[in-house]
Amino acid sequence: PLYLDYGATTPLDPAVAAAMEPWGITGFGNPHSAHLWGYKAKAAVEAARAHVAALLNAPSEAIAFTSGATESNNWALKGLLTAPGQTRRRIVTLATEHSSVLETAHYLAGIGAQLSIVPVRADGLVDLGDLSRALGEDVALVSVMAVNNEIGVAQDLAAIGQLAHSVGAVFHVDAAQGFGKLPIDVEAMGIDLLSLTAHKCHGPKGVGALYRRPFTSITPLLHGGGQEDGRSGTLPTALIVGLGEAARIAAARMAADHAHALALRTALLAALTVPHQVNGSLDRRWPGNLSLSFPGVAVPLIQRLPGLAISAGSACAAVTGRASHVLTALGLSEPQAKASLRLGFGRFTTLAEIDAAAAQINAVVAAHLAEFA
Ligand code: PLP
């Protein structure tokens with residue numbers, strides 16, 4: 001099948017694979033060792049850290065490597081709410097956040113935190129008035145994602161950062177789907193904590209980072225040797241080099257990648273001949289995401305498209321079989337949500353693949369509509 005599931009994960013860039021290779025084999029030293037093997041690995045890790053930091057306009061010391069965005073989100077939320085001296089108890093987040101934020105927030109709510117989940121508008125964006133009404137001096141953390149994994153919409157981070165700071169709350173951004181794709185500036189956007197992962201921007205799986213604004217106090221999630229400023233565990237040099245290279249390439253190619261994804265999306269929408277509706281704002285989004293629903297179709301279309309490697313909602317929802325909480329938050333019914341298609345494409349996708357995908361979708365939807373006409 002054609003791979004159009006960049007929201008689930010992206011193909012490893014061959015240049016990233018090449019950069020990683022020596023660090024998985026000959027460069028096996030422990031980056032924490034005080035001898036030549038260690039120093040070499042450490043230098044590679046620090047070069048990667050600088051590339052990640054540069055892409056966020058952050059100082060290198062503010063970047064701690066983790067196993068990915070799930071760990072970073074867990075660390076940000078649990079670490080802040082349980083930090084010594086933390087007197088604020090409330091988390092404010094959105095209905096459309098990733099499960100690694102929502103489930104962590106629910107866990108914390110079960111052990112004494114308070115949780116406010118703000119709804120989104122039908123276009124997937126949060127109403128800033130609604131968000132501001134949910135805020136107060138008891139809020140420890142406002143957590144809002146950069147780019148939604150299911151519908152691609154990009155929230156107004158700078159405005160949300162200002163609102164969070166107006167009540168003295170810490171602003172956390174889950175940038176799993178935004179890092180390396182859209183410009184993110186932790187200074188200009190007032191971001192205090194930011195989660196990122198390599199595998200959504202052509203890096204390897206199993207590595208990510210948490211940006212922590214200097215002096216933001218969070219407790220460790222993983223106690224032990226204390227390697228990453230409190231995040232313990234021997235660093236995976238090859239994976240980190242891969243993340244750094246993915247960040248370096250993304251910085252150089254951001255405008256070109258964006259233009260390519262936009263051209264593909266424009267072609268895909270133009271090639272759809274069946275009635276369709278785009279889920280989420282078409283203007284404020286990463287263009288390499290297109291989430292579609294089809295009026296009159298309420299069957300899981302994905303099962304009828306064996307030629308396309310795509311998903312209905314998130315890859316996680318595919319496992320549970322539940323209707324996407326993101327699409328229902330936009331007002332779609334459960335059957336409509338299950339009938340939706342999420343296409344994800346980008347750097348390595350061709351126009352021919354997009355045309356082929358549109359032809360398959362047209363055929364399946366038209367056949368379904370004819371059957372029930
Ligand atoms: N947050 C968002 C928005 C995501 O799309 C993902 C993807 O799976 C994650 C968090 C989790 O990232 P990871 O796979 O690195 O744990």
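This is a short tour of a predicted model, stop by stop.

**Stop 1: the two domains.** Colour residues 2–8 and 254–371 as domain 1, then 14–249 as domain 2. Their C-alpha centres are 27 Å apart. Next, select the contact between them: domain 1 gives 20 residues and domain 2 gives 22. On the domain 1 side, look for strand β10 (289–293) and helix α9 (325–329), the elements that supply two or more residues each. Helix α9 has the largest share, with three residues. What is the make-up of this side of domain 1, by nonpolar, polar and charged residues? It holds six nonpolar, ten polar and four charged residues.

**Stop 2: the ligand.** Start with Gly 68, Ala 69 and Thr 70, which are among its surroundings. Eight of the shell residues are polar, three are nonpolar and one is charged.

**Stop 3: a helix pair.** Show α7 (residues 237–271) and α11 (residues 351–371). Their axes are 9 Å apart and meet at an angle of about 30 degrees. Angles under 35 degrees count as roughly parallel, so α7 and α11 fall in that class. The crossing is right-handed. Now pick out the contact. From α7, select Leu 264, Ala 267, Leu 268 and Ala 271. From α11, select Leu 351, Ile 354, Asp 355 and Ala 358. Colour this set by residue class: seven are nonpolar, none is polar and one is charged.

How values were computed: Residues are numbered from 1 along each chain as its sequence is written. This is a predicted model: local features need pLDDT of at least 70, side-chain atom pairs count only at pLDDT 80 or more; totals for chains, interfaces and linings use all residues. A residue is near a molecule or strand if its C-beta atom, placed from the backbone, lies within 6 Å of it. Ala, Val, Leu, Ile, Met, Phe, Trp, Tyr, Cys and Pro count as nonpolar, Asp, Glu, Lys and Arg as charged, and the others, Gly among them, as polar. Axes are lines fitted to C-alpha atoms, for helices over the stretch in contact, and angles run from 0 to 180 degrees between N-to-C directions. Helices (H or I, at least four residues) and strands (E, at least two) are DSSP runs, numbered from the N terminus. Angles under 35 degrees count as roughly parallel, over 145 as roughly antiparallel, 65 to 115 as roughly perpendicular and the rest as oblique. A crossing is left-handed if the near helix is turned anticlockwise from the far one by less than a right angle, and right-handed if clockwise. Two residues are in contact if their C-beta atoms, placed from the backbone, lie within 7 Å. Domain bounds come from an automatic or database domain assignment.
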